[in-house]
Amino acid sequence: MIVITGIYYALGMAAAGAFIAWIVSPWAAIPLWILALFCLYFFRDPEREIPSGPVAVSPADGKVVAVKLETPTHRRISIFLNVFDVHVNRTPIGGTIAKVHYQPGAFHVASREECSVRNEQNVVTVQDNGTTVVFKQIAGLIARRIVFNKKPGDRVSLGERIGLIRFGSRCDVLFGPEWEIVVSPGMRVAAGSSVIARRRVMDEKRVMEKKDASDGA
């Protein structure tokens, strides 16, 4: 499967190549035809086997570049996507999209740590069954276009496609203490199929306390 945008790009490059071949020579058109093929490759959207159970999956293909404490209670996983990775993004957990916040910013190389705060990004909050997970689509040096296909109030399933970032980027995921991180820096992950965290089992008393607090609100 290929994202429709990639087909449009490829057709445009191929048409431009055909025009150059007609007015100049076929050899002069080769770079444009190569770019057309690359667009098809870049915008590929393979099917993925989604795991089951109380897990969170990677929102993107790429390399884990950081697993660190973001706040006293939340840990962050950062995933860097190069231009050869699949750039279709998927939701790390199923649930309801509670909030979507677009934050303008810079376009530094997405593998750098400061990009988590300073770069242009789309911040998405998903809530489900007593947990909240925040993930960010972060633009990089080349990626200047973040696409998000959902809106607040939408229900999403685990590993569902939610958008993409074009041409090199980064995804961050923030987990609360109810999640156990199961990846480490240097690991390669695949969107929708690689488990990056597991939900901790809460004892019955804590579950009832959480339910009572929710009912009281």
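This report covers strand pairing, salt bridges and a surface patch in a predicted model.

Local features need pLDDT of at least 70 and side-chain atom pairs count only at pLDDT 80 or more, while totals for chains, interfaces and linings use all residues. Residues are numbered from 1 along each chain as its sequence is written, and side-chain values use heavy atoms, with hydrogens and water left out.

Helices (H or I, at least four residues) and strands (E, at least two) are DSSP runs numbered from the N terminus. Strand β10 (residues 161-165) is largely enclosed by the rest of the structure, because four of its five residues are buried. Buried means under 20% relative accessible area, exposed over 50%, and partly exposed in between (1.4 Å probe, protein chains only). Strands pair if DSSP finds at least two bridges between them. β10 runs antiparallel to β4 (residues 88-90), with three bridges, and R161 is the bridge partner of R90. Three bridges also join β10 to β8 (residues 146-148), again antiparallel; here L164 stands opposite V147.

R161 also belongs to a salt-bridge network with D45 and E47. A salt bridge is a side-chain nitrogen of Lys or Arg within 4 Å of a carboxyl oxygen of Asp or Glu. The count is nine, including these:

| Pair | N to O distance |
|---|---|
| R76 and E70 | 2.7 Å |
| R188 and D85 | 2.5 Å |
| D154 and K151 | 3.1 Å |

R188 lies in strand β13 (residues 188-189) and D85 in the loop between β3 (75-81) and β4, so the pair ties together parts 103 residues apart in sequence. D85 is buried at 5% relative accessible area. R76 is buried at 3%, whereas E70 is partly exposed at 29%.
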